[in-house]
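Welcome! Take a look at the sequence and the 3D view, and then we will walk through them together.

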Amino acid sequence: MQLVGGSGGQVLEEVVVEDLDTGERGTLRADAVFVLIGSTPASGCLGEAVAKDRAGFVLTGPDLGGATPAWPLDRPPMFLETSVPGVFAAGDVRAGSVKRVASGVGAGAIAVALVHQYLAWAAAGQG
């Protein structure tokens, strides 16, 4: 289904949806519309080095268990760390994220702190 129109008086009252397979259109009562743009991860540039799920979302931290490529270090990966030590993923591209701006911003802030922690470990030879 795809939203193709909407109408109402001073507020939204109904939407027009189209079946993408048949082209058939129908009208539905609606008080609100939430638009989610983009649910396809742009992870192709990472190649095969970074483990991803079947849909292409990047696996991080505890989600790496059994992933290919496997986690290469003795220490467990940090929460947002990918299958490549020192490479972190945050926001919508990460498997299991809630796909909302606020959570993406928060995950980005956490990733910055984890990068600092990783760099400190690497400097101490523990990377």
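What percentage of the 127 residues in the protein chain do buried residues make up? Buried residues make up 28% of them, where buried means under 20% relative accessible area, exposed means over 50%, and partly exposed lies in between (1.4 Å probe, protein chains only).

## Before we start

This is a predicted model, in which local features need pLDDT of at least 70 and side-chain atom pairs count only at pLDDT 80 or more, while totals for chains, interfaces and linings use all residues. Residues are numbered from 1 along each chain as its sequence is written, and side-chain values use heavy atoms, with hydrogens and water left out.

## The whole chain

The protein chain holds one helix and three strands. Read from the N terminus, its elements run β-β-β-α. The radius of gyration of the protein chain is 20 Å, well over the 14 Å that the globule rule gives for 127 residues, so the chain is more spread out than a compact globule. Here the radius is taken over C-alpha atoms, and the globule rule is 2.2 Å times the number of residues to the power 0.38. Helices (H or I, at least four residues) and strands (E, at least two) are DSSP runs, numbered from the N terminus.

Along its principal axes, the C-alpha trace of the protein chain spans about 65 × 30 × 20 Å. The accessible surface of the protein chain comes to about 8300 Å², and 58% of that belongs to carbon and sulfur atoms; such areas come from the Shrake-Rupley method with a 1.4 Å probe, and for residues only the protein chains shown count as cover.

## The sheet

In which order do the three strands form their open sheet? The order is E1-E2-E3, with antiparallel pairing. The edge strands are E1 and strand E3 (25-29), each pairing on one side only. Two strands pair if DSSP finds at least two bridges between them.

Strand E2 (residues 14-18) and E3 are paired in the antiparallel sense over five bridges. Look for valine 15, whose bridge partner in E3 is leucine 28.

## The start of the chain

Methionine 1 lies in the segment before strand E1 (2-7). With a relative accessible area of 71%, methionine 1 is exposed. Leaving aside its neighbours within four places in sequence, methionine 1 is in contact (heavy atoms within 4.5 Å) with Val17, Glu18, Asp19 and Leu20. The C-alpha atoms of methionine 1 and glutamate 24 are separated by 9.6 Å, although these residues are 23 residues apart along the chain.

Threonine 68 and proline 69 are joined by a cis peptide bond, with omega about 0°. Lysine 99 has a phi near 60°, which is a positive value in a residue other than glycine. At 27% relative accessibility, lysine 99 counts as partly exposed.

## The helix

Helix H1 (residues 101-123) has 23 residues and reaches 33 Å from its first C-alpha to its last, close to the 33 Å expected at 1.5 Å a residue. That expected span is 1.5 Å times one less than the number of residues.

Which residues of H1 are buried? They are Gly104, Ala107, Ala111, Leu114 and Tyr118. An α-helix has 3.6 residues a turn, so residues three or four places apart point the same way. After H1 comes glycine 125, with a positive phi near 80°.
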